[in-house]
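Have a look at the picture first.

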Amino acid sequence: MAGGGFVSDQGGRTVDYAGGITAFVVVTCVVAAMGGLIFGYDIGISGGVTSMEHFLRKFFPSVYRKMMDETARESEYCKFDSELLTLFTSSLYVAALIASFFASAVTRAFGRKMSMFFGGLVFLFGSILNGAAINIEMLIIGRLLLGVGVGFANQSVPVYLSEMAPAKIRGALNIGFQMAITIGILFANLVNYGTAQIKGGWGWRVSLGLAAVPAIMMTVGSVFLPDTPNSILERGYTDKAKQMLRKIRGTDNVDEEFKDLVDASEAAKKVDHPWKNILEPRYRPQLIICILIPFFQQLTGINVIMFYAPVLFKTLGFGDNASLMSAVITGVVNVLATFVSIFTVDKFGRRILFLEGGAQMFICQIAIGVLISLTFGVSGEGTITKGQADMVLLLICTYVAAFAWSWGPLGWLVPSEICPLEIRSAGQAINVSVNMLFTFFVAQVFLAMLCHLKFGLFFFFAVFVFIMTIFAFFFIPETKNMPIEEMNRVWKAHWFWKKYIPDDAVNISHRDNY
């Protein structure tokens, strides 16, 4: 059947391990998910400070002069077009891209929690440097340190959550990472709105410096986190791994699940070069999904909205405070809509959310493009009425909601749960690096694209949303309720991917009681 479907073992029965949902595993996953706060806070804070006049006057005077020159017949689309300004936003993602490859080795050799600790610590140093910046060089170096922190956090946290969570609620607990990202964005938007009211022009320092708060939460939290049974076993501590598995499952009857973990660990030990192995045909489905999902996630256009929401709203004619408040509103929608995915992803599955979210985003992008074209046309000259501004805000909120319950959380969940242990760190590093590469690309060229493509920019992203929705329908199989070490059953049952999966990759011989 096109698009795969629900997958069980060859007897038609799903794999179900003993044990339940324990308070211990929920608490540890909530603490670990706080790693998403640093990424979310940075996404939300960047656009806010780049719309603050005092910040622009100090670091980007040419942009400030262009914005304040009321005599120039400047297209509304081109007010903020500056390569240096976009470099401030996008430099973080280059650092995160590079750091994710180093994070892969650290995660595999020293465990997931060590990557989280290191990421939080480096992010903390970066936030201090940004808050104290006196020139553009300090600002960019601080951003690069933030990027290293984000690279390590995004590499380790989703894998940690997928390994700790029981299969039946893995989706909900993993989406805690995306929830933390959305809370970080909302917190940043509220901070920007508050600091913009500070007299004296130093509010931007507070906005950038407060990034230290989520960094401290992540760093301290990681110290008290246990490592996952998978990671402990991967480093050779068999008894300790089984003890941890009993603790997180709340039962001594973990032999069946532990046997699968041991089998996966033994297979992983035979792999000396995961980067070489992931290129083998038997891992082709995981490789392609780990590349295309983050690629498509960024080409939904979401980070255009999230980084540049205040700048975008200001460009569209919202006042200073109105643009920041509009960003707060979209941040609230982002958080609330993420709850939808938490409560539905393990009940209805991943595929339905991919498909519905894609359709909703497509419609909204087209509608936004049409509305802006009718207001500003090709010339970029015109004014937006209150009714039109309200309609743009409504459409953007509807678009954000669709992303927040589909490609947002699933873009982190699915790649983190589909890879076998022997290539899991490499697969997640690819996921993070592709995500950061295209986040950098979109951040770097967005303001120039807005200037040159004008309202057509929204149609540009709509085309990609259409393509990714078709891709999801045909090539992303359902993974709900499937234990993470049994995921090859998913690929073996899929109409297209099954040809890549050898029979010996689907181990069912040791099991006769599910």
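How many helices and how many strands are there in the chain? There are 23 helices and zero strands; both are DSSP runs numbered from the N terminus, with at least four residues (H or I) for a helix and at least two (E) for a strand.

Before going on, a word on the ground rules. This is a predicted model, where local features need pLDDT of at least 70 and side-chain atom pairs count only at pLDDT 80 or more, while totals for chains, interfaces and linings use all residues. Residues are numbered from 1 along each chain as its sequence is written, and side-chain values use heavy atoms, leaving out hydrogens and water.

Now for the inside. Of the 514 residues in the chain, 62% are buried, meaning under 20% relative accessible area, with exposed being over 50% and partly exposed in between (1.4 Å probe, protein chains only). Among contacts (heavy atoms within 4.5 Å) with a separation of 6 or more, 82% join residues 24 or more positions apart.

The chain also has nonpolar cores, which are sets of buried Ala, Val, Leu, Ile, Met, Phe, Trp, Tyr and Cys residues joined through side-chain atoms within 4.5 Å. Here are two of them:

| Core | Size | Some members |
|---|---|---|
| Largest core | 73 residues | I289, F354, W407 and I418 |
| Another core, apart from it | 64 residues | I45, F55, Y93 and A211 |

In the largest core, the residues named in the table are those with the most contacts inside it. Helix α19 (residues 386-404) gives this core its largest share, 10 residues. Take F354: leaving aside residues up to four places away in sequence, F354 touches I293, S406, W407, L410, V414, A472 and I476.

Is V332 buried or partly exposed? V332 is partly exposed, because its relative accessible area is 35%. V332 and L190 are 142 residues apart in sequence, yet their C-alpha atoms are 10.0 Å apart in space. Over in helix α18 you'll find F362, which counts as partly exposed because its relative accessibility is 30%.
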